[in-house]
Amino acid sequence: MRVRSVTWFLAVCLTAISSLALGGGVAQAQPVAAAAMVVAPDSTPVADAQRIAALEKQVAANASAAAAAQMAGDNAWMLVSAALVLMMSGPGLALFYAGMVRKKNVLGTLMQTFAMMAVVTVLWALVTYSLAFGSGNAFLGGLQNVFLRGVGLTPDPNYAATIPLQTFMVYQLMFAIITPALITGAFAERMKFSAMLVFMVLWAVVVYSPMAHMVWGVGGLLNVAGAAAGGWGGRIPCLDFAGGTVVHVTSGVSALVTALYLGKRLGYPREPMPPHSLVLTFIGACLLWVGWFGFNAGSALGAGSLATSAFVCTHFGAAAAAIGWCAAEWLRNGKPSALGGVSGAVAGLVAITPGAGFVTPISALWIGLITGVFCFFMVVKVKHFFGYDDTLDAFGVHGAGGTLGALLTGIFARSVVNPVFGAGKPTGLLEGNPRQLLNQLIGVAIAWSLSIVGTLVILFLVDKTIGLRVGEEAEREGLDLSQHGEEAYDMAH
Amino acid sequence: MHKIEAVIQPSKLDAVKDALVEVGVEGMTILEARGHGRQKGHTEFYRGREYSVDLLPKVKLELVVKDELVDDAIQAIISSARTGKIGDGKIFVSKIDEVIRIRNEDRGETAL
């Protein structure tokens, strides 16, 4: 039975492959046949004119066929990338975080990330896409794209000339979902679900949208491609390929602010609060690693060689950082842990995010290795020294790793990989452009400032209106029961 | 009749069960338990936080046997559960006044 079904499967695959090959052959054969037809020798002026007209028509048809083929190829990769980035949130990040909490807070933690998948999506359609990517000033997009007006299926060359604008919109949406979800790690096990929803909606508007616009939006202050837009647009070109500042610095720094504002969990650090299931955390981290190929290689906004370069760097950065964190842990505690290994990989993925499309694979190894050790130090030493309760280390991994990655991008960026300032022009510090490191520093400083101020204001408003923390009794009982009325693991049946 | 309660290493459960069946014990109850005696626990590290875990996983067996079987049963547990290392567990023996089978209200040794 099994052998038969395998044979059947192979037959189906072969049929699919051969029909694809045939389809490709037909598409190629058409222009060749037509061209052969029009080069038949004939010398009267009328015939010449007809031939030229036919040739021109043919050239135009070829060009549009080539454009359609490229759009099909690029769009296929971008749709897959968008799906991969959504997979990073749920189940990736959701499991990564849920495994690290106590078993009374599992569903509460999963729901915080899942809620972002729903709420941020609706908000994106209504207003935040327009605020991030509409053409406004250097700091914030305009309102011309609210309710996705004007966001159709034709490409917008300002963003990506070879994919439908809606693909670009939905791809960027996945980034807008995971960014606030990352913050939830800092306030895990103690925040009210209702307060979390209000906080995140305001945060998407006040912090994420302006930062995304400044770095990636048309005419944004930090946009590398925005120099031509005039005014403040592109005044400080900051290299951020896939969201080191936009995603990781903003979420990580906001996480730290939230952890400090909310205070520690009841009993922290006196009571033991070990992770309830590192198996879930492990699965989540590995899903994050795979999803990150969509995050970084997808940020090439096409399926060309830049996507390959970013894909390779992403993988190398993660691997080196896993080794870095584990090695540091091995030396310090005498044992390399599973949690340490996957934490290191995530830290490396964070750090390589801004540079993925600008650095060489060997530079990616260095960026990963440095970050793995650095984030280990941040999580194990610095956090305990200051005593703040960044529950799942959203700051230690994303804030610290994102900041370091953004700066290292300014050091390692190479024009051979991505001639973003023109072919052969020096890009990073090591190529002889020290100015870029300063630009990176300014970009990071803007992300830090915006996150601190924006998050503080939102926290204050939500705290004074509906209150941020669950009551003492609800916190002891756990978020699963107190916020959602259900339990992750039913031990009685 | 006596009740024998034995706290043993989880990895020794099958050996102990086989040894008990061999000397003629017909029924037992097994509980997954956590505990410690003089044995020290161990330390775990999660992202630099150190936790000392002093309640270790154990298995607890409970069996009630006729008086003449008590010594054999105890000996069977000792010989099959011993590794010689700290943490092998303990055996507690106590007298049982009455046993009642719920199905037909048999009492005493016939209910065992």
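1. Read along the sequence, chain B follows the pattern β-α-β-β-β-β-α-β, with two helices and six strands in total. Helices (H or I, at least four residues) and strands (E, at least two) are DSSP runs numbered from the N terminus. The radius of gyration of chain B, taken over C-alpha atoms, is 17 Å, well over the 13 Å that the globule rule gives for 112 residues, so chain B is more spread out than a compact globule. That rule is 2.2 Å times the number of residues to the power 0.38.

2. This is a predicted model, in which local features need pLDDT of at least 70 and side-chain atom pairs count only at pLDDT 80 or more, while totals for chains, interfaces and linings use all residues. Residues are numbered from 1 along each chain as its sequence is written, and chains are lettered from A and ligands numbered from 1 in the order in which they are written.

3. Along the principal axes, the C-alpha atoms of chain B fill a box of roughly 60 × 30 × 20 Å. Of its 112 residues, 19% count as buried, that is, with 20 or more other C-beta atoms within 10 Å of their own; 12 or fewer makes a residue exposed, and values in between partly exposed, with C-beta atoms placed from the backbone.

4. An open, antiparallel sheet of four strands in chain B has the order β2-β5-β1-β6, where pairing requires at least two DSSP bridges between two strands. Its edge strands, each pairing on one side only, are β2 (29-35) and β6 (89-95) of chain B. From one strand to the next the twist averages 20°. Strand β1 (residues 2-8) of chain B is joined to β6(B) by seven bridges, and B:Glu5 stands opposite B:Phe92 in β6(B).

5. Which chains meet at the interface, and through how many residues? Eleven residues of chain A are in contact with six residues of chain B, contact meaning C-beta atoms, placed from the backbone, within 7 Å. On the chain A side, α9 (338-352) and α10 (361-386) are the elements that give two or more residues; α10(A) gives the most, with three.

6. A:Val80 lies in helix α2 (residues 45-98) of chain A. A:Val80 is partly exposed because 15 other C-beta atoms lie within 10 Å. A:Val80 and A:Gly291 are 211 residues apart in sequence and 10.0 Å apart in space, C-alpha to C-alpha.

Definitions and conventions
Two residues are in contact if their C-beta atoms, placed from the backbone, lie within 7 Å. Axes are lines fitted to C-alpha atoms, for helices over the stretch in contact, and angles run from 0 to 180 degrees between N-to-C directions.
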